[in-house]
Amino acid sequence: MISAISEAIFVINSAGVIEMINPLAAKLFGAHNEMLIGQTWTDYLQSPFKDEYQSLFDVWNKANASNKQTAPFNHGPKEIIINRGDSTLLEADLSLSCLPSMQMGSEPLFIGIMHNLTNHKAEYHKLRHLAHTDKLTGLANRHAFDDALQTNWNDSINHDQPLCLIIIDVDYFKIFNDQFGHVNGDKCLQKIAKVLLDALPSSNAMAARYGGEEFVVILPNSNPLTAEYIAQKIQRSINQLTFTDLGLPAQTKISVSQGIACERGGQYRTPTALVCAADTALYRAKSSGRNRINISG
Ligand SMILES: Nc1nc2c(ncn2[C@@H]2O[C@H](COP(=O)(O)OP(=O)(O)OP(=O)(O)O)[C@@H](O)[C@H]2O)c(=O)[nH]1
(Lines give C-alpha, C1' and ligand atoms only; values in the text may rest on other atoms or scores of the structure.)
Protein backbone atom coordinates (compact mmCIF):
# COMPACT_ATOMS: atom_id res chain seq x y z
CA MET A 1 0.00 0.00 0.00
CA ILE A 2 2.74 2.49 0.96
CA SER A 3 4.40 1.85 -2.43
CA ALA A 4 1.68 3.95 -4.05
CA ILE A 5 2.27 6.96 -1.77
CA SER A 6 4.28 9.78 -3.34
CA GLU A 7 6.26 10.47 -0.15
CA ALA A 8 9.34 8.55 1.06
CA ILE A 9 7.87 6.36 3.83
CA PHE A 10 9.12 3.53 6.01
CA VAL A 11 7.69 1.69 9.01
CA ILE A 12 9.85 0.37 11.86
CA ASN A 13 9.18 -1.48 15.10
CA SER A 14 10.34 -0.32 18.54
CA ALA A 15 13.67 -2.13 18.06
CA GLY A 16 14.29 0.05 14.97
CA VAL A 17 13.88 -2.86 12.52
CA ILE A 18 12.41 -1.89 9.15
CA GLU A 19 9.07 -3.66 8.58
CA MET A 20 7.89 -1.81 5.48
CA ILE A 21 9.54 0.68 3.16
CA ASN A 22 8.40 2.16 -0.15
CA PRO A 23 10.70 2.54 -3.19
CA LEU A 24 11.02 6.33 -2.68
CA ALA A 25 12.38 5.88 0.86
CA ALA A 26 14.57 2.97 -0.24
CA LYS A 27 16.07 5.23 -2.90
CA LEU A 28 17.04 7.76 -0.20
CA PHE A 29 18.66 4.95 1.83
CA GLY A 30 20.50 3.94 -1.36
CA ALA A 31 19.38 0.30 -1.33
CA HIS A 32 16.58 -1.85 -2.74
CA ASN A 33 13.44 -1.86 -0.55
CA GLU A 34 13.35 -5.68 -0.28
CA MET A 35 16.95 -5.68 0.94
CA LEU A 36 16.13 -3.08 3.60
CA ILE A 37 13.30 -5.07 5.22
CA GLY A 38 14.61 -6.60 8.47
CA GLN A 39 17.53 -4.19 8.73
CA THR A 40 18.00 -1.67 11.55
CA TRP A 41 17.24 1.75 10.10
CA THR A 42 19.72 3.62 12.36
CA ASP A 43 22.55 1.68 10.67
CA TYR A 44 21.90 4.02 7.74
CA LEU A 45 22.33 7.18 9.80
CA GLN A 46 25.47 9.28 9.93
CA SER A 47 26.89 10.09 13.35
CA PRO A 48 25.63 11.77 15.60
CA PHE A 49 22.11 11.05 14.33
CA LYS A 50 22.50 7.30 14.84
CA ASP A 51 23.21 7.74 18.58
CA GLU A 52 20.51 10.42 18.95
CA TYR A 53 17.73 8.24 17.52
CA GLN A 54 18.91 5.14 19.38
CA SER A 55 18.75 6.98 22.72
CA LEU A 56 15.39 8.52 21.74
CA PHE A 57 13.99 5.02 21.25
CA ASP A 58 15.66 3.75 24.47
CA VAL A 59 13.91 6.52 26.43
CA TRP A 60 10.58 5.83 24.69
CA ASN A 61 10.84 2.04 25.24
CA LYS A 62 11.56 2.57 28.94
CA ALA A 63 8.63 4.99 29.35
CA ASN A 64 6.40 2.59 27.45
CA ALA A 65 7.43 -0.43 29.55
CA SER A 66 6.25 1.31 32.73
CA ASN A 67 2.96 2.47 31.13
CA LYS A 68 -0.10 0.44 30.31
CA GLN A 69 -0.94 2.67 27.36
CA THR A 70 1.43 3.35 24.47
CA ALA A 71 3.22 6.61 25.13
CA PRO A 72 2.77 9.21 22.36
CA PHE A 73 5.72 9.67 20.03
CA ASN A 74 6.04 12.48 17.50
CA HIS A 75 9.48 13.57 16.48
CA GLY A 76 10.57 16.01 13.82
CA PRO A 77 10.70 17.10 11.13
CA LYS A 78 14.42 17.06 11.83
CA GLU A 79 17.38 17.24 9.47
CA ILE A 80 19.39 14.05 9.25
CA ILE A 81 22.28 12.76 7.17
CA ILE A 82 21.82 9.33 5.63
CA ASN A 83 24.88 7.16 5.10
CA ARG A 84 23.55 5.47 1.96
CA GLY A 85 24.05 1.91 0.84
CA ASP A 86 26.62 3.08 -1.73
CA SER A 87 28.51 5.04 1.01
CA THR A 88 27.41 8.45 -0.32
CA LEU A 89 25.79 10.88 2.11
CA LEU A 90 22.34 12.39 1.64
CA GLU A 91 20.71 15.20 3.63
CA ALA A 92 17.02 14.71 4.37
CA ASP A 93 14.39 15.78 6.83
CA LEU A 94 12.58 13.13 8.80
CA SER A 95 9.35 13.03 10.81
CA LEU A 96 8.83 9.95 12.98
CA SER A 97 5.51 9.14 14.66
CA CYS A 98 4.10 6.18 16.55
CA LEU A 99 1.15 4.61 14.74
CA PRO A 100 -2.01 4.22 16.86
CA SER A 101 -1.67 0.80 18.52
CA MET A 102 -5.48 0.21 18.41
CA GLN A 103 -5.29 -0.16 14.66
CA MET A 104 -1.94 -1.84 14.47
CA GLY A 105 -2.23 -4.47 17.20
CA SER A 106 -0.09 -4.74 20.34
CA GLU A 107 3.32 -4.30 18.70
CA PRO A 108 4.01 -0.55 18.48
CA LEU A 109 5.05 0.60 15.03
CA PHE A 110 6.55 3.89 13.89
CA ILE A 111 6.16 5.63 10.57
CA GLY A 112 8.98 7.71 9.13
CA ILE A 113 8.36 10.29 6.39
CA MET A 114 11.43 11.75 4.68
CA HIS A 115 12.14 14.52 2.18
CA ASN A 116 15.33 14.74 0.16
CA LEU A 117 17.02 18.07 1.00
CA THR A 118 19.89 17.79 -1.51
CA ASN A 119 18.52 20.36 -3.98
CA HIS A 120 17.33 22.74 -1.24
CA LYS A 121 20.73 22.58 0.47
CA ALA A 122 22.61 23.21 -2.79
CA GLU A 123 20.35 26.20 -3.50
CA TYR A 124 20.74 27.44 0.08
CA HIS A 125 24.56 27.24 -0.10
CA LYS A 126 24.54 29.01 -3.47
CA LEU A 127 22.34 31.84 -2.17
CA ARG A 128 24.35 32.08 1.06
CA HIS A 129 27.56 32.36 -0.96
CA LEU A 130 26.01 35.09 -3.14
CA ALA A 131 24.78 36.99 -0.08
CA HIS A 132 28.28 36.99 1.44
CA THR A 133 30.35 37.67 -1.69
CA ASP A 134 31.23 40.87 -3.49
CA LYS A 135 30.19 40.32 -7.10
CA LEU A 136 32.99 42.33 -8.72
CA THR A 137 36.00 41.03 -6.80
CA GLY A 138 34.83 37.70 -5.42
CA LEU A 139 36.03 38.78 -1.96
CA ALA A 140 33.83 38.66 1.13
CA ASN A 141 31.41 41.59 1.07
CA ARG A 142 30.66 44.12 3.79
CA HIS A 143 27.95 41.93 5.32
CA ALA A 144 30.32 38.94 5.57
CA PHE A 145 33.03 41.21 6.96
CA ASP A 146 30.72 42.50 9.73
CA ASP A 147 29.86 38.91 10.71
CA ALA A 148 33.48 37.76 10.60
CA LEU A 149 34.70 40.75 12.59
CA GLN A 150 32.17 40.06 15.35
CA THR A 151 33.12 36.35 15.46
CA ASN A 152 36.85 37.14 15.53
CA TRP A 153 36.26 39.82 18.13
CA ASN A 154 34.46 37.35 20.41
CA ASP A 155 37.25 34.78 19.95
CA SER A 156 39.87 37.42 20.67
CA ILE A 157 38.17 38.50 23.92
CA ASN A 158 37.32 34.95 25.05
CA HIS A 159 40.80 33.56 24.43
CA ASP A 160 42.73 36.73 25.24
CA GLN A 161 44.34 36.77 21.79
CA PRO A 162 45.28 39.83 19.72
CA LEU A 163 43.26 40.81 16.66
CA CYS A 164 44.48 43.17 13.93
CA LEU A 165 42.65 45.01 11.19
CA ILE A 166 44.08 46.69 8.08
CA ILE A 167 41.90 49.11 6.10
CA ILE A 168 43.20 49.65 2.58
CA ASP A 169 42.08 52.49 0.31
CA VAL A 170 43.19 52.96 -3.31
CA ASP A 171 44.96 56.28 -3.87
CA TYR A 172 43.58 58.74 -6.45
CA PHE A 173 41.26 56.10 -7.86
CA LYS A 174 38.96 58.76 -9.28
CA ILE A 175 41.82 59.85 -11.56
CA PHE A 176 42.37 56.21 -12.64
CA ASN A 177 38.67 55.94 -13.52
CA ASP A 178 38.61 59.30 -15.27
CA GLN A 179 41.72 58.45 -17.32
CA PHE A 180 41.07 54.82 -18.18
CA GLY A 181 37.31 54.38 -17.72
CA HIS A 182 35.18 52.52 -15.20
CA VAL A 183 35.57 49.13 -16.90
CA ASN A 184 39.34 49.29 -16.44
CA GLY A 185 38.72 50.67 -12.94
CA ASP A 186 36.72 47.53 -12.19
CA LYS A 187 39.53 45.32 -13.51
CA CYS A 188 41.99 47.25 -11.36
CA LEU A 189 39.87 46.51 -8.27
CA GLN A 190 39.92 42.81 -9.25
CA LYS A 191 43.73 42.86 -9.43
CA ILE A 192 43.85 44.50 -5.98
CA ALA A 193 41.52 41.83 -4.57
CA LYS A 194 43.90 39.11 -5.82
CA VAL A 195 46.87 40.84 -4.19
CA LEU A 196 45.01 40.91 -0.87
CA LEU A 197 44.07 37.23 -1.07
CA ASP A 198 47.67 36.30 -1.92
CA ALA A 199 48.93 38.31 1.06
CA LEU A 200 46.79 36.53 3.67
CA PRO A 201 49.07 34.68 6.09
CA SER A 202 46.63 31.95 7.15
CA SER A 203 43.30 30.35 6.26
CA ASN A 204 41.54 32.08 9.16
CA ALA A 205 42.59 35.55 7.94
CA MET A 206 40.07 37.32 5.71
CA ALA A 207 40.12 39.95 2.96
CA ALA A 208 36.86 41.79 2.25
CA ARG A 209 35.63 44.64 0.11
CA TYR A 210 34.56 47.25 2.61
CA GLY A 211 32.91 49.42 -0.04
CA GLY A 212 33.87 51.26 -3.26
CA GLU A 213 37.68 51.34 -3.52
CA GLU A 214 38.15 50.45 0.15
CA PHE A 215 39.17 47.00 1.38
CA VAL A 216 39.78 45.44 4.77
CA VAL A 217 41.90 42.57 6.06
CA ILE A 218 41.18 40.75 9.34
CA LEU A 219 44.20 39.14 10.96
CA PRO A 220 43.14 36.95 13.89
CA ASN A 221 45.72 36.14 16.57
CA SER A 222 48.23 38.54 15.00
CA ASN A 223 50.36 41.23 16.63
CA PRO A 224 51.02 44.73 15.18
CA LEU A 225 54.40 43.62 13.78
CA THR A 226 52.77 40.86 11.73
CA ALA A 227 50.06 43.27 10.56
CA GLU A 228 52.70 45.79 9.47
CA TYR A 229 54.61 43.05 7.65
CA ILE A 230 51.42 42.03 5.78
CA ALA A 231 50.66 45.68 4.95
CA GLN A 232 54.18 46.13 3.55
CA LYS A 233 53.75 42.99 1.45
CA ILE A 234 50.45 44.40 0.11
CA GLN A 235 52.09 47.77 -0.59
CA ARG A 236 54.94 46.18 -2.58
CA SER A 237 52.62 43.94 -4.61
CA ILE A 238 50.21 46.80 -5.38
CA ASN A 239 53.09 49.06 -6.48
CA GLN A 240 54.32 46.27 -8.78
CA LEU A 241 50.95 45.76 -10.50
CA THR A 242 51.00 46.35 -14.24
CA PHE A 243 48.07 47.09 -16.56
CA THR A 244 49.46 46.39 -20.02
CA ASP A 245 47.19 43.33 -20.21
CA LEU A 246 44.28 45.84 -20.18
CA GLY A 247 45.91 47.83 -22.98
CA LEU A 248 46.97 50.65 -20.61
CA PRO A 249 50.39 52.37 -20.82
CA ALA A 250 53.35 50.47 -19.29
CA GLN A 251 54.01 53.30 -16.85
CA THR A 252 50.51 53.04 -15.31
CA LYS A 253 51.00 52.50 -11.57
CA ILE A 254 48.75 52.55 -8.54
CA SER A 255 49.23 52.71 -4.78
CA VAL A 256 47.14 52.21 -1.66
CA SER A 257 47.10 53.85 1.76
CA GLN A 258 46.67 51.56 4.76
CA GLY A 259 45.55 52.03 8.35
CA ILE A 260 46.24 49.37 10.99
CA ALA A 261 44.63 48.91 14.41
CA CYS A 262 45.20 46.02 16.83
CA GLU A 263 43.14 44.88 19.77
CA ARG A 264 45.28 43.57 22.65
CA GLY A 265 44.15 43.19 26.23
CA GLY A 266 40.94 45.22 26.04
CA GLN A 267 42.39 48.30 24.33
CA TYR A 268 39.17 48.83 22.35
CA ARG A 269 35.72 48.36 23.80
CA THR A 270 33.90 47.21 20.66
CA PRO A 271 34.67 45.94 17.14
CA THR A 272 33.34 49.26 15.83
CA ALA A 273 35.94 51.11 17.93
CA LEU A 274 38.64 48.93 16.34
CA VAL A 275 37.36 49.77 12.84
CA CYS A 276 37.28 53.49 13.74
CA ALA A 277 40.89 53.31 14.97
CA ALA A 278 42.03 51.64 11.73
CA ASP A 279 40.06 54.25 9.77
CA THR A 280 41.74 57.10 11.65
CA ALA A 281 45.14 55.51 10.93
CA LEU A 282 44.14 55.28 7.25
CA TYR A 283 43.25 58.97 7.27
CA ARG A 284 46.73 59.75 8.66
CA ALA A 285 48.33 57.56 5.96
CA LYS A 286 46.40 59.50 3.30
CA SER A 287 47.16 62.93 4.70
CA SER A 288 50.86 62.16 5.13
CA GLY A 289 51.23 61.67 1.39
CA ARG A 290 49.49 58.37 0.36
CA ASN A 291 51.19 55.04 -0.47
CA ARG A 292 51.82 54.95 3.31
CA ILE A 293 51.07 52.63 6.22
CA ASN A 294 49.97 54.06 9.55
CA ILE A 295 49.50 52.11 12.79
CA SER A 296 47.03 53.27 15.41
CA GLY A 297 48.15 53.69 19.01
N1 LIG B 1 35.50 51.46 -11.48
C2 LIG B 1 34.99 51.55 -10.26
N3 LIG B 1 35.18 52.66 -9.53
C4 LIG B 1 34.67 52.71 -8.28
C5 LIG B 1 33.97 51.64 -7.71
N6 LIG B 1 33.62 52.00 -6.45
C7 LIG B 1 34.08 53.25 -6.25
N8 LIG B 1 34.73 53.69 -7.36
C9 LIG B 1 35.35 54.99 -7.61
O10 LIG B 1 36.34 55.26 -6.67
C11 LIG B 1 36.57 56.68 -6.70
C12 LIG B 1 36.85 57.16 -5.31
O13 LIG B 1 37.14 58.50 -5.42
P14 LIG B 1 37.53 59.37 -4.15
O15 LIG B 1 36.69 59.01 -2.97
O16 LIG B 1 37.51 60.80 -4.60
O17 LIG B 1 38.98 58.92 -3.77
P18 LIG B 1 40.30 58.83 -4.63
O19 LIG B 1 40.16 59.44 -5.97
O20 LIG B 1 40.71 57.38 -4.60
O21 LIG B 1 41.28 59.69 -3.80
P22 LIG B 1 41.94 59.39 -2.37
O23 LIG B 1 41.19 58.27 -1.73
O24 LIG B 1 41.77 60.67 -1.62
O25 LIG B 1 43.34 59.05 -2.61
C26 LIG B 1 35.34 57.31 -7.33
O27 LIG B 1 35.68 57.81 -8.62
C28 LIG B 1 34.37 56.13 -7.46
O29 LIG B 1 33.57 56.23 -8.62
C30 LIG B 1 33.77 50.48 -8.50
O31 LIG B 1 33.16 49.48 -8.09
N32 LIG B 1 34.31 50.47 -9.75
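Predicted model: local features only at pLDDT ≥ 70, side-chain atom pairs only at ≥ 80, totals over all residues.

**Sheet, domains, ligand shell**

Residues are numbered from 1 along each chain as its sequence is written.

I then looked up the strand pair. Strand β9 (residues 256–263) runs parallel to β10, and 3 bridges join them. Strands pair if DSSP finds at least two bridges between them. Strands are DSSP runs of E, at least two residues, and helices are runs of H or I, at least four, both numbered from the N terminus.

Next came the whole sheet. I read an open sheet of 5 strands with mixed pairing, in the order β7-β8-β6-β9-β10. β7 (206–211) and β10 (293–295) each have a single partner strand, so one side of each lacks a neighbour in the sheet.

I checked the domains, whose bounds come from an automatic or database domain assignment. Domain 1 covers 2–122 and domain 2 covers 133–295. Their centres, taken over C-alpha atoms, are 51 Å apart.

Last, the ligand. I found 16 residues around the ligand, with F173, K174, H182, G185 and G212 coming nearest. A residue is near if its C-beta atom, placed from the backbone, lies within 6 Å. β6 (163–170), α7 (173–180) and α8 (182–199) each supply at least two shell residues. α8 gives the largest share, 4 residues.
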